Amino acid sequence: MEIDDPLEGTELTFLLGMAFQLVLSEFVNRLDAVGYAELRPMHGLVFQALRGSGATTSELAEQLGVTKQAAGQIVDDLEKRGYVERRPHPAGGRRRLVVLTGKALEHLSVAGRILHELEAQLTRRLHEVGLRVPRAEIAAVIRALAGDSIPPLRPIW
């Protein structure tokens with residue numbers, strides 16, 4: 001007699017949360033192992049938000065769903081570590097533009113490689129048991145709830 005996996009009866013929110021935590025934890029462990037132990041997942045969200053032309057601290061706060069003070073503290077910390085720098089805003093005035101440094105771009109490159117390796121390993125493991133990564137299904141859940149207004153990934157405090 002086969003026993004069903006108790007996870008199959010678990011609420012969707014818990015399953016998605018557990019999967020996210022496990023994948024993120026493995027990803028962070030691998031990043032730590034290659035020399036990025038000083039960075040946390042929140043820093044990765046900041047780097048993603050600043051990719052390209054950067055953002056003001058206020059814009060960053062809005063994208064992350066945090067207060068301007070919290071965004072300023074994160075930027076101060078990352079600036080001290082050499083991952084971001086503040087520059088004069090192209091529109092002038094007192095606003096400052098926060099941009100990624102070469103150190104942050106290198107981190108993003110390494111993190112991207114590690115994440116793709118992790119996803120490939122998960123894909124192989126699932127394929128071995130006749131499954132696949134449910135990317136389309138998860139994307140469909142997101143579309144069903146968000147439609148065309150895909151929300152940014154924000155930290156949960």
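**Entry 1. Surface and overall make-up**

I began with the accessible surface of the protein, which comes to about 11,100 Å², with 58% of it belonging to carbon and sulfur atoms. The areas come from the Shrake-Rupley method with a 1.4 Å probe, and for residues only the protein chains shown count as cover. I note that this is a predicted model, in which local features need pLDDT of at least 70 and side-chain atom pairs count only at pLDDT 80 or more, while totals for chains, interfaces and linings use all residues. Residues are numbered from 1 along each chain as its sequence is written, and side-chain values use heavy atoms, with hydrogens and water left out.

I then looked up the elements and found six helices and two strands in the protein. Their order from the N terminus is α-α-α-α-β-β-α-α. Helices (H or I, at least four residues) and strands (E, at least two) are DSSP runs, numbered from the N terminus. The C-alpha atoms fill a box of roughly 70 × 35 × 25 Å along the principal axes.

Of the 157 residues in the protein, 26% are buried. Buried means under 20% relative accessible area, exposed means over 50%, and partly exposed lies in between (1.4 Å probe, protein chains only). Among the contacts with a separation of 6 or more, 52% join residues 24 or more positions apart; contact means heavy atoms within 4.5 Å.

I also checked the charges: the mean positions of the 19 positive and 20 negative charges are 11 Å apart. Lys and Arg count as positive and Asp and Glu as negative, with His and the chain ends not counted. Each charge is placed at NZ of Lys, CZ of Arg, CG of Asp or CD of Glu.

I turned to helix α2 (residues 41-50) and found seven of its ten residues buried, so the helix is largely enclosed by the rest of the structure. The buried residues are Met42, His43, Leu45, Val46, Phe47, Ala49 and Leu50. They pack against α3, α4, β1 (84-88), β2 (96-100) and α5.

After α2 comes Gly52, whose phi is positive, near 90 degrees. I compared two residues of the loop between α2 and α3, namely Ser53 and Thr56. Ser53 counts as exposed at 58% relative accessibility, whereas Thr56 counts as buried at 8%. Leaving aside neighbours within four places in sequence, Ser53 is in contact with Leu97 and Val99. With residues up to four places away likewise not counted, Thr56 touches His89, Arg95, Arg96 and Leu97. I also took the C-alpha separation of Ser53 and His127, which is 39 Å for residues 74 apart along the chain.

**Entry 2. Packing of α3 on α4**

I looked up the pair of helix α3 (residues 57-64) and helix α4 (residues 68-80), which pack at an angle of about 110 degrees with their axes 8 Å apart. That makes α3 roughly perpendicular to α4. Thr57, Ser58, Leu60 and Ala61 of α3 make the contact with Lys68, Ala71, Gly72 and Val75 of α4. Axes are lines fitted to C-alpha atoms, for helices over the stretch in contact, and angles run from 0 to 180 degrees between N-to-C directions. Angles under 35 degrees count as roughly parallel, over 145 as roughly antiparallel, 65 to 115 as roughly perpendicular and the rest as oblique.

**Entry 3. His107**

Lastly, I located His107 in helix α5 (residues 102-128). His107 counts as buried, at 5% relative accessibility. Not counting residues up to four places away in sequence, His107 touches Leu31, Tyr36, Leu39, Phe47 and Tyr83. Phe47 is one of the buried residues of α2.
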